[in-house]
Amino acid sequence: MERPSQVPFPERKGNIQKEEADGTVYMNFMKSHCCYDAIPKSCKLIIFDTALQIKKAFFALVANGLRAAPLWDSKLQRFVGMLTITDFINILHCYYRSPMVQMYELESHKIETWRGDSLRNVYLQYSNPVLISISPDASLFDAIYSLLKYKIHRLPVIDPESGNVLHILTHKRILKFLHLFGKKLPKPAFTQRPIQELGIGTFRNIATVHQTASLYDALSIFVERRVSALPVVDEQGKVVALYSRFDVINLAAQKTYSNLDMTMAEAVRRRTCYVEGVIKCYPNETLETIINRIVTAEVHRLVLVDRTDVVKGIISLSDLLQAMVLTPAGIDALLS
């Protein structure tokens, strides 16, 4: 009796090895490129002295279209942290009383007094007292790990010799770098699978805000849930807008931060700056489609909806970088 052919087995084994190799393509790309590679030839960077008034600092961020700035302490002669939109949100949430009560804290506080050791400083409950940074020679893999592990959105690249901040690295910049310079890379098989099947994103307990809720309600969700954007929904749960942390800082430019009792519908209407918009995706769309859409639209997340526009999930840049780069390395930084 003739023995059964064993040819299919090595073929299957070869396919499995090829699939495993495919899965590490993005991980290896990030490990083989350093942070300096991802720094654009021209970019804007501002640095604040901690003695600067908070109000002036936020106005400067708005005027320059920036979301964060490194903080320099002249007394200590070193960088001590970052001033971000999170600070502005926490100040408004902490001190707001009503449209009739002026927020003197925002008018009078300096960065150092807000970021100091005050017991009522809500920001310090979440912040790391040490400035998290990275060397320009470190790999982009290490940068992604730091961004996700420490749950930060901006990572200063600091020259170890001069101590100067060279750039502020973000999830968005890293993914764009991959999109621009990784086009010749072989496409891993998993990029052709539906996003819901891959389980990439947040699908449970989605943070949303009703369009009739107040702007202060939205700030409370930002503070308590530590999310970067909120889908604004109607009575049927359908997404009608997206309100992000960046929209909040523009209250400073419009000087409307004294009225946080307005509805979310009104807050959305009052936006005069660049609006990210609701860029949506669907459960049956492939990971490759999702990546292309989020990079092309230059947004920070996509709202996953069903065919009636009811919110079913959020897919963020952190989710994509975790799945594409860290998961193949056996690391889950989002759960650490």
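Hi everyone, let me start with a term: a residue is buried under 20% relative accessible area, exposed over 50%, and partly exposed in between, using a 1.4 Å probe and protein chains only. By that rule E266, with a relative accessible area of 23%, is partly exposed.

Some ground rules before we go on. What you see is a predicted model, where local features need pLDDT of at least 70, side-chain atom pairs count only at pLDDT 80 or more, and totals for chains, interfaces and linings use all residues. Residues are numbered from 1 along each chain as its sequence is written, and side-chain values use heavy atoms, with hydrogens and water left out.

Now the overall picture. The protein has 14 helices and 11 strands; these are DSSP runs numbered from the N terminus, with helices being H or I of at least four residues and strands being E of at least two. Of its 336 residues, 46% are buried. If we take contact as heavy atoms within 4.5 Å, then among contacts between residues at least 6 apart in sequence, 63% join residues at least 24 apart.

Leaving aside neighbours within four places in sequence, I144 touches M30, I174, L321, V325 and L326. Between I144 and L321 there are 7.3 Å from C-alpha to C-alpha, although they are 177 residues apart in sequence. L321, V325 and L326 are among the buried residues of helix 14. How many residues of helix 14 are buried? In that helix, residues 317-326, the count is 10 of 10.

On to a hairpin. Strand 4, residues 155-158, sends L155 and V157 one way and P156 and I158 the other, and all are buried. It pairs with strand 5, residues 165-169, in the antiparallel sense over four bridges; pairing here asks for at least two DSSP bridges between the strands. Which residue in strand 5 is the bridge partner of V157? That is H167. Six residues lie between the two strands, and G163 in this hairpin takes a positive phi near 80°.

Next, charges. Side chains of opposite charge can pair when their charged atoms come close. Calling it a salt bridge takes a side-chain nitrogen of Lys or Arg within 4 Å of a carboxyl oxygen of Asp or Glu, and the whole structure holds six of them. Back to E266: its salt-bridge partner is R270, with the closest N and O atoms 2.7 Å apart. R270 is partly exposed, at 34%. Another of the salt bridges joins R293 and E285, also with a closest N to O separation of 2.7 Å. Is each of these two buried or partly exposed? R293 is partly exposed because its relative accessibility is 24%, whereas E285 is buried at 16%.

Let me finish with T286, in the loop between strand 9 (280-281) and helix 13 (287-296). T286 counts as buried because its relative accessible area is 18%. Its side chain makes a polar contact with the side chain of T289 at 2.9 Å. Beyond neighbours within four places in sequence, T286 is in contact with T191, Q192, R193, P194 and I195. Of those, R193 is partly exposed at 36%, and its side chain meets that of E197 in a salt bridge of 2.8 Å, N to O. A polar contact is a pair of N or O atoms within 3.5 Å; within protein, one must be able to donate a hydrogen and the other to accept it, and residues adjacent in sequence count only if both atoms are side-chain atoms.
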